[in-house]
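Please look over the structure shown here, and then work through the questions and answers that follow.

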Amino acid sequence: MSEQPRRPRKPGKPYRRPQKDPVRLLAFEALRAVDERDAYANLVLPPLLRKAREEEGPHKFDARDAALATELVYGTLRRQGTYDAVIADCVDRPLREVDPPVLDVLSLGVHQLLGTRIPSHAAVSASVELARVVLGDGRAKFVNAVLRKVARDDLDGWLERVAPPYDEDPEDHLSVVHSHPRWVVSALWDSLGGGRAGIEELLAADNERPEVTLVARPGRATAEELLGEEAAVPGRWSPYAVRLSEGGEPGAVEAVRENRAGVQDEGSQLVALALANAPLDGPDRRWLDGCAGPGGKAALLGALAAERGAFLLASEKQPHRAGLVARALDGNPGPYQVIAADGTRPAWRPGGFDRVLVDVPCTGLGALRRRPEARWRRRPEDLDGFAPLQRGLLRSALEAVRVGGVVGYATCSPHLAETRAVVTDVLKQFPDTELLDARPLLPGVPDLGDGPDIQLWPHLHGTDAMYLALVRRTG
C-alpha cells in the first residue's frame, strides 16, 4: 500500500504556546472562587498569595506582584457593575449568555484598561494571553475583539455612553457610574437623607481601597508601641487605633503576632468604646457580648472590662466562630468566658448584666469597601430574612441587662430597616427604657447627626458605616 502524501501546511505563523502570567492567573483564580463558591475575596486571596510566594520557579512572586494581584481582584469586584455595562455595549449577546469564566477574563481586562495605568496594548495582550491559558485559543479571539473595542475610549468616555443621564434617572445613573446595584443606591440615599453630593461621595468612598487599621488592646499594647512600626500613622478617632499606610503588613507587627493587638476597623472600635463609656446607674461588674463572632469587639471589650475588674461573657451561636472569639480573647488580662450559644435563646439569667452589646447579623452594606462582592450578592428580600433575628437579639439583650444598665445595638449596615426601624419596633415592647445620646461618648468625632443614635460613614469618618443605638433599662 502506497504511503499517502502529506498535506502541505498552510502558510502563517507557527503555533506559540501561551505564556503563563502568575499574577493574572492568580487574580483569575480568585475571581472564579468568588463567583463559583460564593467565597469572599478577603478570605480567598491571602492563601493564594502565600502559595504563590512559596512556589519555586523562574519567576519569584514578590511584593509588587502581590500588590498588582490584589488590585486586579478588588478593583474588578468593586467596579463590576460599571464594567458589565461597558462589556454589554461591546458584545452582540446578553451578558447572561457569556460564559462566567470568559466574563471574568474580560472584566480583568477592562479594569486594566479603564481602572489602572497599565498601557492599553499591554492590558489587551496580557488579557488575551490569560484567555489562551484558561479558555483556549478560540475564546481568546473573542476576548481580543471585545477588549480592542473597550480600548478605544477611557472611563469617562464610556460612562457618558453607557450611564443614563442623571436628570432622567438619578438612581440608575449613580448605579452605573459608581458600580452599586440600584436598590443599594436607593437605600443608602434614604439613610443619608437626600442630596446628590453626599450620595456621590459615599458611593465613591465605597470604591476606594480601605486602610488597614490596628487596635492596641488596653493593658497589653499601646498605640505608641504600634506607632513605632514602619508605615504606621495614628488613628483618627479611637485612642487605640493605628493605621497602616499602603504596603503595611499586619502580620509583620510583633504585637499582632502576640495577640496584644489586632486588625479592627476604627468604626468597630468606636462602637465598643461608646458602650464601655456609657453612663450606668449602679455597679459595673458584668458585661455581655451577645453576638461576639469573630471576636474583634469582644477582645476590645474584654480588655476594657479587665481595666475595671469587670467580667466579660462572650457568646457566639456558631461553634467555629466561637473558636475565633476564644482566639481573639486569648491572653486577656481580666476574667472572661466564651460560650457557643444562641443569643435569642439565652444561656444566662435575665437581668444579670450591667452592659450588653449585640452587633447583629445584617446585610453588611456598611462594609462594601472591604467586601465589594457583597453588593452583588445581597438582594432587597434579604432584609426580611434578617429582620426577625435582629429584633429577637435586641429583645434578648434588653432582657439580659439589669435596671439601670445599658444595651448597645449595633449593625455594620446603614440601611434604615436594619437600624432605626429595629430599635423603634422593639422599644415599643419595652416601655421602661430610654435612648441615650451616644454622640458625647465619641468626643471629637464630627458629623454624627441629630442623635440620639450614631451613624458612621466611610466618606465622613473613614470608617465602615457602623450604626449604634444605646438603650438604658429604667424599670
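Helices, of at least four residues, and strands, of at least two, are DSSP runs numbered from the N terminus. The model discussed here is predicted.

Q: Between which strand and which helix does the loop that holds Pro-294 lie?
A: Pro-294 is joined to Gly-293 by a cis peptide bond, with omega at about 0°. In general, most peptide bonds are trans. The loop that holds Pro-294 runs between strand S5 (286-289) and helix H15 (296-307).

Q: Which residue does a cis peptide bond join to Gly-451?
A: The bond in question has an omega of about 0°. Its proline is placed in the loop between strand S10 (433-436) and strand S11 (454-455). The residue joined to Gly-451 in this way is Pro-452.

Q: Is Cys-412 buried or exposed?
A: The UniProt annotation "active site", from an unreviewed entry, covers Cys-412, and this residue sits in the loop between strand S9 (401-411) and helix H19 (420-427). Leaving aside residues up to four places away in sequence, Cys-412 touches several others, among them Asp-359, Cys-362, Asp-464 and Met-466. Because its relative accessibility is 16% and the cut-off for this class is under 20%, Cys-412 counts as buried.

Q: What is the bridge partner of Leu-214 in S4?
A: Strand S1 (residues 212-216) and S4 pair in the antiparallel sense, and three bridges connect them. Within this pairing, the S4 partner of Leu-214 is Val-263.

Q: What is the relative accessible area of Ala-231?
A: Although Ala-231 is not a glycine, it has a positive phi of about 70°, and it lies in the loop between helix H12 (223-227) and S2. Ala-231 counts as partly exposed because its relative accessible area is 27%.

Q: Is Asn-259 buried or exposed?
A: Asn-259, found in the loop between helix H13 (254-257) and S4, has a positive phi of about 70° without being a glycine. In general, most residues other than glycine have a negative phi. Because its relative accessibility is 19%, under the 20% cut-off, Asn-259 counts as buried.

Notes. Residues numbered from 1 in each chain as written. Predicted model: local features only at pLDDT ≥ 70, side-chain atom pairs only at ≥ 80, totals over all residues. Heavy atoms only, no water. UniProt positions renumbered as here; feature names shortened; annotations may be inferred. Buried < 20%, exposed > 50% of the residue type's maximum accessible area, 1.4 Å probe, protein only. Contact = heavy atoms within 4.5 Å. Pairing = 2+ DSSP bridges.
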